[in-house]
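Morning, everyone. I have one structure to walk you through today. Let me put it up.

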Amino acid sequence: MLVILKRNDEEISRQAAQLIASAVQKKPALRLGLATGGTMVGVYKHLVRLHKEGALDFSRVITFNLDEYLGLPASHSQSFHHFMQEHFFAHVNVEPGNIHIPDGTIRGNYEQYCAGYEEDIRKAGGIDLQLLGIGRNGHIGFNEPTSSLGSRTRLKVLNQETLDDNAKFFAPSEESPRCAITMGIGSILEAHKILLLATGASKAAAIAKSIEGPVTSAVPASALQLHPEVTFIIDDPAAAQLTQRDYYRRVLEMTALLTPERLS
Ligand code: PGA
């Protein structure tokens, strides 16, 4: 795993957008796994900028989002469908038919729906590059602590920390979603390459456990230690509890020297 230490959110967004842009330039029909959340806003801003500058064509890219809240229609301002339109899809040229986001409005037959989502990923040829955020509790997608490390796309009940983090986005009169449809940890681990971004002190404990702790379902992102091609891009506050920061910096220097394509 490669750990890229950056000073702040802006540097992280630029670096992540650069890595995604070069993946699309190398493979125009890239199968791209996408994520939502505050950490991703800057990444999409830079991808939109590169597209508008003419440097990035998404016309053949196929996208798969990680998750969606159960019960929220695409038109709801807090749905991930809405987030993706607002920050990315409305501003770039991804073909609408190439966009996949779990449907939060399904009722019943969840297993069948989720198996269909997995099948869509398989039929597309699998995910080349998966973008991930991380929750304070170490979740990736909505794979909450104690999720099976082999889990597939499924209905998942959100845990209290996630509900608390989300409450501020919903009106006090409105009940925030209790469940989500999410790709599983096993599904995520099948992506060819994974890029996880984290900013801010609230993520420091989750990041330290994910990178330097034991692999455990108690910290879902720790499962990424099993994957051969993971890059973490994290800012100083999120890196604060890592014990091997000097080593990661030396690895980065050597990577820039010996395999610079991993950084651009
Ligand atoms: P955030 O969410 O980027 O809004 O912190 C990340 C996550 O919960 O996966």
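This is a predicted model: local features need pLDDT of at least 70, side-chain atom pairs count only at pLDDT 80 or more; totals for chains, interfaces and linings use all residues.

The protein chain has nine helices and ten strands. Its C-alpha trace spans about 50 × 40 × 35 Å along the principal axes. For 264 residues, a compact globule would have a radius of gyration near 18 Å. The protein chain has 17 Å, so the two agree.

Buried residues make up 53% of the 264. The protein chain exposes about 11700 Å², and carbon and sulfur atoms supply 52% of that. On charges, there are 26 positive and 29 negative, with mean positions 4 Å apart.

How do contacts run along the sequence? Take those between residues at least 6 apart: 79% of them join residues at least 24 apart.

Next, helix H7, residues 204-212. Which of its residues are buried? Ala204, Ala206, Ile207, Ala208, Ser210 and Ile211. And what covers them? The cover includes three strands, E1 (2-6), E9 (193-198) and E10 (230-235). Helices H8 (236-239) and H9 (245-258) are also part of that cover.

Last stop, Val92. Where does Val92 lie? In the loop between helix H3 (80-87) and strand E5 (99-100). Buried or exposed? Val92 counts as buried because its relative accessible area is 10%, and the cut-off is under 20%. Setting aside neighbours within four places in sequence, Val92 is in contact with Val48, His51 and Phe58. Asp57 is 35 residues away along the chain, yet its C-alpha atom is 8.1 Å from that of Val92.

That's the tour. Over to you.

Notes:
Residues are numbered from 1 along each chain as its sequence is written. Side-chain values use heavy atoms; hydrogens and water are left out. Buried means under 20% relative accessible area, exposed over 50%, partly exposed in between (1.4 Å probe, protein chains only). Helices (H or I, at least four residues) and strands (E, at least two) are DSSP runs, numbered from the N terminus. Contact means heavy atoms within 4.5 Å. The radius of gyration is taken over C-alpha atoms; the globule rule is 2.2 Å times the number of residues to the power 0.38. Accessible areas come from the Shrake-Rupley method with a 1.4 Å probe; for residues, only the protein chains shown count as cover. Lys and Arg count as positive and Asp and Glu as negative; His and the chain ends are not counted. The place of a charge is taken as NZ of Lys, CZ of Arg, CG of Asp or CD of Glu.
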